[in-house]
Number of protein chains: 2
Amino acid sequence: MVTHRVDFEPVGRRYACPRGTTLLEAARRAGVGIVSVCGGRGTCGHCRVRILDGLAPPPTGPEGEVFSAEELAAGYRLACQVEVLSDLRVHVPPTSLTTPQRIQVEGRELAVPLQPAVRCYKVALPPRAPQDLRPELTRLRDVLAREYGLERLAVDCRLLPRIPLRLQEWDGVANAVVRGGELIDLLPEGRAPLGLAVDLGTTKIAAHLVDLTTGETLEAGGVMNPQIAYGEDVIARIAHAMEGEEQAEELRQAAVGAVNDLAGELCALVGRARREIAEAVVVGNTAMHHLFLGLPVRQLGLAPYLAAVIDPLDLKARDVGLEIAPGGYAHLLPNIAGFVGADHVAMLLSTGIYRAEETVVGLDIGTNTEVVLRAGGRLIACSTASGPAFEGAHIRDGMRAAPGAIERLRITDTNVEYQTIDDAPPVGLCGSGILDAVAQLLKAGVLDERGSMGEHPRVRQGKDGPEFVLVAQGEGGDGREVVITRADVGEIQLAKGAMRAGVNILLDEAGLSAEDVDKIVIAGAFGTYVDVDSAVTVGMVPPLPLSRFVQVGNAAAIGAKLALISTEQRALAEEIARQVEYIELTNDPRFVGQFTEAMFLR
Amino acid sequence: MVTHRVDFEPVGRRYACPRGTTLLEAARRAGVGIVSVCGGRGTCGHCRVRILDGLAPPPTGPEGEVFSAEELAAGYRLACQVEVLSDLRVHVPPTSLTTPQRIQVEGRELAVPLQPAVRCYKVALPPRAPQDLRPELTRLRDVLAREYGLERLAVDCRLLPRIPLRLQEWDGVANAVVRGGELIDLLPEGRAPLGLAVDLGTTKIAAHLVDLTTGETLEAGGVMNPQIAYGEDVIARIAHAMEGEEQAEELRQAAVGAVNDLAGELCALVGRARREIAEAVVVGNTAMHHLFLGLPVRQLGLAPYLAAVIDPLDLKARDVGLEIAPGGYAHLLPNIAGFVGADHVAMLLSTGIYRAEETVVGLDIGTNTEVVLRAGGRLIACSTASGPAFEGAHIRDGMRAAPGAIERLRITDTNVEYQTIDDAPPVGLCGSGILDAVAQLLKAGVLDERGSMGEHPRVRQGKDGPEFVLVAQGEGGDGREVVITRADVGEIQLAKGAMRAGVNILLDEAGLSAEDVDKIVIAGAFGTYVDVDSAVTVGMVPPLPLSRFVQVGNAAAIGAKLALISTEQRALAEEIARQVEYIELTNDPRFVGQFTEAMFLR
């Protein structure tokens, strides 16, 4: 049997498959989950991939309908239509992935020169002369001064007691880990210091574990933010923290503990120890940032919604409870305002929006959605309370992105085709599935612009009003019945209305209209999975050609990583935060009108 | 009744006394304890003072015998002989003081320009404009940058959460406490940051509480080092620490806790709070230094007696357990070697020995005695294990300097005159009393050069050999019998022999003899109270004219204070530590011979 090797990127999986297997099947066997709603018939158009290297058979009929000639020329294909006839290198865009790891850690990464705050210097102390009574530390500092010009190096006090023994054990050979004129760790020869880039989301925490001598991400992953137990959105958490110091400390420890655990897991996956992490860069919205540091949050919950701190911070990791290297540091990127935090700065950094020459709208979709407009050299931003509907909350059959969640959905006549996470029997709808459902119902004429639900064989009267049965009892194998109600549609109207109002007000502020927008960048975990066509259909975003949309995944985590590996990027982040003009929508006279208007499904 | 005002310096007491009172009596009433062995008859010569201002009657006969013409011309007098006939300003040298506070905190202080690491900047934030959404911290940093050029100021993470509330409470007016580019505290308007200079002795801990905006010592005091419970000398403590991490931590916490308590007491005395201390400078011998920081000490107890750290250190106070300002710092002066520590560096700094043009021997007498020789531009130092005999340990009736301890003593025929601390009934001998006793017995011919005890009505055969009864039962009021035994004399021979051997070896190293020494500086708590004549008599120090001796009190604490109020002095300390040539006596071929020789009482 002839086999060919297929490399899936950027996930980094390689698989040797029998000649003639479809790429969709090969991907599945390799453990790379690719979205497919139509079951491989080539009609849903979801399993898009791009052939980077190798020979592929000519496009099939369905592919001709899905792709433009340009796209086909660039190597875009449907994975279900391509038989493997040679070794292939295939790029799987985030939008096509049904990653079992549903925490979004990927994103578009800009290449920046490696310039980390943490530097690693190899040292080899000469054997001790009998008359040399200098302590190991003094000898080490002398070598670092002589060989690397590191004069008057401070030494972290937690590292201090360990130096003599380590240098003796390692025969004087070690990697000295230095940050800002301070020796913060000693590692055995050949061990590079690690860095951790953390996106501390309201719902999810994502992190990259990075080799600070190469800038390479060694491992990435995520966990749920355990603060959820204290409230789903930032307002609920602020309220909890305001109950007392103990409550604020509970929240702080929940987040810090989760980051420690996540760091430990990522390290274990690559055979390293958490204590080899020399620096962590943390981004999050302003509330997450404040709760993580134990900063006061009362003023975040009251107009005019002031941050306690917006400046970037460099702290000893131990002082915030992060259990990394003895002298390790935490760097927190600057916030912009009470509701536009360091995560947004990181997103601006990694997407390059801050320096775009064209007119760009950026949306970082989450429980709060930050919206930014780059136009005419200005950066204008606002925050909208889009709410947790896209996280599956406040939706009858809503759920988080977990196995069995419907994430893609299509309505044809009376039939509903869908794709669930892990191909498990359907149990509910996650964010992208909910949006698809509303868009499809609108296209099918079941919903009108106001969100009213009309006649359809699948529409029935529920106890709270009309509802549409997406999966009837028994239809989904051993899964459960899944419906979308009129009230669910209303939640989506509120959420998308808030975002759209934000976009419109920023455009108004700059004297532009939607047609002037050259590019819309959609970031954030949900933003990665959302079907842009559905988003346009419901009016969440302006009705622009799909080619103007870019989905960048977890751009905040990537921004954190850039700041981790480059002090120049840190400086840029500070500059960006200073540059952004913030518009507080709650005070804005335009908001109510725009919001009301934007609630219509059109 | 005519009264005159008497100012006692440097203790700073003022007293209005009836005309004709003796200065000795006036001092007692003012609470200034002055040594007097003879009961005011003018024969013991201990109550020396110096009239700085005002008119005094002409010298009496006894004063003519005690003082040289030069000394009388300089204003030296015996307090018991001078009647107060005008307002007076009187200097009471440390050697004449029976301070109830027996921890030595005074010392000769060199005037240095105020240049502290901690600076204080008054800020007044303008009222917040309605459109100004900047956090308090950002506004504060902007003001500090604009008004004082403090750009890119870091902020301590413990201070961070407190800033918004404090600035709001204080209407934006505060003293910003800054150290090395970092904001470490905010104080209310008009409050100066405090500093703490600590001499961490094996037996005693002394501290100065200093106003960092004036350099003035607000209060000074001391406590016993509670580590004594784990062993009297550094070797015993090193042994305890080597038993395990828990034991080392016990020692660390004992010392840190004592410093915290002492700091709290000093602050309370001047109506301030410990959390207003922004920086502590700590000196101690190398073992105390290491135990305080939790550094490994095993190598200190084994040849070649290596320090783990000799470099100066800047640490967050909280990282070593000091409970001062939220972002406060601890600075530790450099050590020189395993047994010549930062306290010796501080002593060299405050006495100016390091820059002397003449030939100077410095002795810092304690459980270990550090000896230094300044000659021909060189600084050579060694450490001698003088032991705790001068602290009253290993002496039959020895005791620490506490009420009832005999601190001055004179033998005339069969009579013993003595002075006890606080004039309490005699209960034992403290260091200076023991030394006086040996010297007096030698002068009286009761002891020979080898320390053998001859015939005398007060000599009797004790259970461990001959002993001399200093105070017989009933002789000392309700005090107890006090004796000095042949074995006690032997302890003094060992102690003084070690010191003298150190002095002689350093002189030999520089090719000098004792007569070449222009000045002998005696520092340390015991060094303050010791009678130099007695020290010369027993041969503890070379037989030079008394005018060449200077007693400087706790010079280490003063050195710590200099480093506290001047970064230039810190740099000097580092330079001094580097310059000192250290001689390890345990390896030195000259030591045994010199030590044996120096044990003779001559």
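Analyst: Here is a walk through one part of chain B, with a short note on the other copy at the end.

This is a predicted model: local features need pLDDT of at least 70, side-chain atom pairs count only at pLDDT 80 or more, and totals for chains, interfaces and linings use all residues. Residues are numbered from 1 along each chain as its sequence is written, while chains are lettered from A and ligands numbered from 1 in the order in which they are written.

Start with the helices, α10(B) at residues 431–443 and α11(B) at residues 486–509 (helices are DSSP runs of H or I with at least four residues, strands are E runs of at least two, both numbered from the N terminus). Their axes come within 11 Å and cross at roughly 105 degrees (axes are lines fitted to C-alpha atoms, for helices over the stretch in contact, and angles run from 0 to 180 degrees between N-to-C directions). The two are therefore roughly perpendicular (that label covers 65 to 115 degrees).

Who actually meets whom? From α10(B) come Ile434(B), Leu435(B) and Val438(B), and facing them in α11(B) are Asp488(B), Val489(B) and Ile492(B) (contact: C-beta atoms, placed from the backbone, within 7 Å). Sorted by class, that's 5 nonpolar, no polar and 1 charged (Ala, Val, Leu, Ile, Met, Phe, Trp, Tyr, Cys and Pro are nonpolar; Asp, Glu, Lys and Arg charged; the others, Gly among them, polar).

Now the sheet. In chain B, 3 strands line up as β22-β23-β24 in an open, antiparallel sheet (strands pair if DSSP finds at least two bridges between them). β22(B) (459–462) and β24(B) (482–485) stand at the edges with a single partner strand each, so one side of each has no neighbour in the sheet. Neighbouring strands are turned by 40 degrees against each other on average, direction ignored.

Zooming in, β23(B) (465–471) runs antiparallel to β24(B) and is joined to it by 4 bridges. Phe468(B), for one, has Ile484(B) in β24(B) as its bridge partner. α11(B) comes back here: this helix packs on the sheet, touching β23(B) and β24(B), and its direction makes about 65 degrees with that of β24(B).

As for the other copy, chain A can be laid on chain B with an RMSD of 0.2 Å by a turn of 180 degrees and a shift of 0.0 Å along the axis (least squares on C-alpha atoms of residues with pLDDT of at least 70 in both). That's the relation of a two-fold axis.

Conventions:
Angles under 35 degrees count as roughly parallel, over 145 as roughly antiparallel, 65 to 115 as roughly perpendicular and the rest as oblique. Two residues are in contact if their C-beta atoms, placed from the backbone, lie within 7 Å.
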